[in-house]
Amino acid sequence: MGKDKFTTLAHVAKLADAYVSEAYGETHGGSIPLVSTFSFQGPSNDNSADTPMEIHKENPELVRGLFSDIAGRYQMVNHLLSGGLDFYWRWVAVNLIRPWNPNTVLDVATGTGDLAMAIRKACPPARVIGADFCAPMLEVARKNGLTELVVADGMMLPFADQNFDVVTAAFGLRNMASWKQGLSEMARILKPGGHLLILDFSLPVLPIIRPLYRFYLHHILPHIAGLLTSRKDAYEYLGISIEQFPSGKKMNSLIESCGFKNAKAYPLTLGTVSIYTAERD
Ligand SMILES: C[S@@+](CC[C@H](N)C(=O)[O-])C[C@H]1O[C@@H](n2cnc3c(N)ncnc32)[C@H](O)[C@@H]1O
């Protein structure tokens with residue numbers, strides 16, 4: 001996509017996000033004036049506990065297998081299903097990261113490396129490493145030009161304590177067997193005062209949008225994605241995992257219970273995606 005076209009689209013999306021944040025109630029500027037933060041009411045189910053779905057609690061191999069199977073088509077399907085909005089979400093993320101001026105960044109669950117590559121471009125002096133427990137996804141990342149890659153489980157990272165200035169995870173924490181363990185590992189390898197950025201799906205809280213989105217998530221998206229990837233089950237799993245994943249205030253509390261402070265939530269695209277930032281205590 002051309003840079004100008006992308007910037008225009010990004011600004012339109014940004015205005016929509018500002019509108020949604022107003023609708024949610026509380027708006028206040030974050031560390032950058034790009035997006036507004038707000039407090040979610042949170043979904044009606046209590047998903048604040050560290051209770052990921054059975055599918056990967058019992059069998060993390062299943063998650064790895066799903067991503068191995070779709071690795072070659074992952075990026076194309078991502079761009080199609082998000083209507084290209086994934087570029088915008090990463091753009092917002094790197095605009096939050098840039099002012100932190102990191103020298104060392106670890107992108108956990110990096111997959112095909114899209115966020116890591118965007119960070120490397122936005123923060124040229126930084127050393128950006130991508131880690132993932134699925135080798136076929138990393139193979140695509142390598143072909144995309146990400147050079148520093150590590151096959152590693154996000155819940156048991158092979159790095160010494162207090163190593164990185166910034167740790168990120170895009171659409172990865174939700175898939176981990178324990179969100180608490182994943183976050184605690186991220187805290188462990190961050191330097192004191194270092195920054196965390198989590199980008200992941202969330203459920204909208206706006207009355208009409210929420211049921212429409214849930215219908216799309218459970219009844220439309222798996223069929224479309226099934227046609228594109230032959231792994232409809234992977235996208236049925238996506239909907240269930242989004243339902244269970246905490247968002248807004250609940251996610252902020254979870255993050256702060258794992259060694260972080262000043263957690264903030266930034267809802268994007270009608271609240272279907274959220275970015276969370278925090279500082280290592
Ligand atoms: C939905 S993809 C996201 C990839 C990439 N971050 C992006 O934004 O497109 C989720 C990734 O998380 C990885 N993953 C899931 N659980 C993991 C774990 N425990 N440790 C490391 N990687 C994990 C999967 O292998 C997969 O590559």
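Helices (H or I, at least four residues) are DSSP runs, numbered from the N terminus. Axes are lines fitted to C-alpha atoms, for helices over the stretch in contact, and angles run from 0 to 180 degrees between N-to-C directions. The model is predicted: local features need pLDDT of at least 70, side-chain atom pairs count only at pLDDT 80 or more, and totals for chains, interfaces and linings use all residues. Residues are numbered from 1 along each chain as its sequence is written.

Confidence was examined across the chain. The average pLDDT (the predictor's confidence in each residue, from 0 to 100) is 84. A score of at least 70 is reached by 79% of the residues. Over residues 18-49, pLDDT stays under 50. The model has 62 contacts beyond four places in sequence for residues 18-49, a contact being two residues whose C-beta atoms, placed from the backbone, lie within 7 Å. Residues 51-58 also stay under 50 in pLDDT, with 16 such contacts. Where pLDDT is low, the predicted coordinates should not be read in detail.

Helix packing was then considered. Helix H4 (residues 74-82) packs against helix H9 (residues 209-229) at an angle of about 150°, and their axes are 11 Å apart. H4 and H9 are therefore roughly antiparallel to each other, the cut-off being an angle over 145 degrees. Their crossing is right-handed, meaning that the near helix is turned clockwise from the far one by less than a right angle. From H4, Val-77, Leu-80 and Leu-81 meet Leu-221, Ile-224, Ala-225, Leu-228 and Thr-229 of H9. This contact of H4 with H9 has seven nonpolar residues, one polar and no charged. Here Ala, Val, Leu, Ile, Met, Phe, Trp, Tyr, Cys and Pro count as nonpolar, Asp, Glu, Lys and Arg as charged, and the others, Gly among them, as polar.

H9 also meets helix H10 (residues 232-244), where the axes come within 7 Å and cross at roughly 150°. The crossing of H9 and H10 is right-handed. On the H9 side, the contact includes Leu-217, His-218 and Leu-221; on the H10 side, it includes Lys-232, Ala-234 and Tyr-235. By class, seven residues are nonpolar, five polar and two charged in the contact of H9 with H10.

Note on methods: Helices (H or I, at least four residues) and strands (E, at least two) are DSSP runs, numbered from the N terminus. Angles under 35 degrees count as roughly parallel, over 145 as roughly antiparallel, 65 to 115 as roughly perpendicular and the rest as oblique.
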